[in-house]
Amino acid sequence: MKKNRIGKIKYNKEIAKDTYKLVISSDVEEISSGQFISIYCENKTLRRPFSVADFDNGSITVLYKIKGDGTKYIKNLDENDEIDFLAPLGNTFNFENVNSALLIGAGIGIAPMLFLKKELNKKGIKNHLISGFKDTKEVVEGSDEVVIGGSVLDEIENVVEKVNPDIIYSCGPSIVLKLVTEFGIKNNIKTQVAMEKVMACGIGVCRGCIIELKNGENASVCKDGPVFWGDAVKW
Amino acid sequence: MVDLSVNLNGFELQNPIMTASGTYGYADEYNDLIDVSKLGAIVTKAISIEPKKGNSGERLFETYGGMINRIGLENLGIKEFISKKLPILKEKNINFVMNLAGSTVEDYIKAAEIAQNAEIKAIEVNVSCPNVKQGCLEFGTNPNSLGHLTNEIRKIYKGFLIIKLTPNVSDIESLAKSAEDNGADCISAINTLKGLGVKVEITPDKKIKKTFVQGGLSGRCIKPVALSMVRRIKSAVQIPIIGIGGIANIDDVLEFLTVGADAVQIGTENFCHPDVTIKLIKELDSVIDSLNLKSLDELKRKLRDE
């Protein structure tokens, strides 16, 4: 159940250029790939949402890129410091009837893909994670294949041929998710995308993080998402 | 045992801590995080006659000490509120105020009729939404229009009638007075302040990227404006006042009570601290107890030095 929790920081260090790994020990019992937590940052009006990159026995891992005051605040927290967060929030990736999955992470979008990969492995579902970074200094470990500089999408046709996926999961900038979805539609492959938006409440109430769906309805990224079927989103 | 209850001209609250419209959903949405039935009352998100999809594009912009929103009154519409949310509010014993928004006097009359027929105990009339292009803003800025609107609603609606005022006016006193003279039971103030969020970024390829979010500013930064408005309203009317604007801690609550508020609404702070309301209820209890007083009413008198 979603709750406001106080956890303890077990690890908070830079693992790639401007990219940090934060591990929180908590009383969370269950959290799945696609879901996120929102962290209280002192003197900020809004909490900051982060996809879960790993979960093991109450330990939640998130990856974050230094962007503004919120992430700078988190960066300065030390091991054993308390951290205030809401969790678990949002929905999860769907892997019903999936036999082979392609995972695409663009930049820090790799975070939920790592957790998804772990869950797919556990279920014995064949998968391949390709991730893209601006340069080698930014690379986060854990992918099957890494693209540096260019776009992960440049490789998508080759990878699809190799993996023959029945679904593509992706997380990254909106433009990447849109192109992944278009590729999926063209090639008749299902897509699920994990989206990001500035949020306020984190529980679907304030309607601040709305995206529009093709059926004309609004959906909140924080509660109805962050995971959406790519072809349901009005891009 | 401290008595935190408030009787606002007939509308009873178990304590003066309410939640502000637009920040708390329609019913029990926050129940996973706190026990909503413990609050004085929640105020629903603004509800219009027909469902509304709200604005497209970016809706939020964080500022120093606050945030700007341009949700654009997205809501489920009054029929669905009555059929789906009202039963939850009743079943879970949540005291609530229905916030109404419209574009025309007729909209408000229709909504007031529905509220009356559904035996809704209290409504808050949003005459101050700054985020829709046409509509209710005029009611909030012109004392004659506001008086007419209040009067028309009053004719139909027999429950507790709150008029929520906008701070985006030069003469808040005459608006409050006009509402009172035309039958309002209570004033709530303030709604958000008009604000513009601007972000200028220089991209790696040396281009300028600009973002503009024009909407309503809320959060801690608006508290001094709200305090000033509440005090001015207090000088103009006899009916109770619900103070709103940047309340985040017990000191803020005491300040609003001091300048004339009889109850308060917590809005933006719920996003950061979902349990802030419950904390404030406990802390208010402690403050009253520490002063060897027995009730909120006694505290109010002491704060106002009456």
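In chain B of this predicted model, 69% of the contacts with a separation of 6 or more join residues 24 or more positions apart, a contact being heavy atoms within 4.5 Å. The secondary structure of chain B consists of ten helices and 14 strands, taken as DSSP runs (helices H or I, at least four residues; strands E, at least two).

The radius of gyration of chain B, computed over C-alpha atoms, is 19 Å, close to the 19 Å from the globule rule for 306 residues, so chain B is as compact as a globular protein of that length. That rule is 2.2 Å times the number of residues to the power 0.38. The C-alpha trace of chain B spans about 65 × 40 × 40 Å along its principal axes.

Of the 306 residues in chain B, 60% are buried (under 20% relative accessible area, 1.4 Å probe, protein chains only). Chain B exposes about 12,800 Å², 49% of it supplied by carbon and sulfur atoms; the area comes from the Shrake-Rupley method with a 1.4 Å probe.

The whole structure holds one cavity of 30 Å³ or more, a cavity being a set of points on a 1 Å grid over the protein atoms alone where a 1.4 Å probe fits but cannot get out. The largest cavity has about 40 Å³ of space, the volume being that filled by probe spheres set on the points, which are joined across faces, edges and corners. Its lining residues (an atom within 4 Å of a point) are A:Thr19, A:Lys65, A:Gly107, A:Ile108, A:Ile110, A:Phe133, A:Glu138 and A:Val140. Four residues of this lining are nonpolar, two polar and two charged, where Ala, Val, Leu, Ile, Met, Phe, Trp, Tyr, Cys and Pro count as nonpolar, Asp, Glu, Lys and Arg as charged, and the others, Gly among them, as polar.

Residues are numbered from 1 along each chain as its sequence is written, and chains are lettered from A and ligands numbered from 1 in the order in which they are written. Local features need pLDDT of at least 70 and side-chain atom pairs pLDDT 80 or more, while totals for chains, interfaces and linings use all residues; side-chain values use heavy atoms, with hydrogens and water left out.

Notes. 1 Å grid on protein atoms, 1.4 Å probe; cavity = no way out; pocket = protein on both sides within 12 Å on 5 of 7 lines; lining within 4 Å. Buried < 20%, exposed > 50% of the residue type's maximum accessible area, 1.4 Å probe, protein only.
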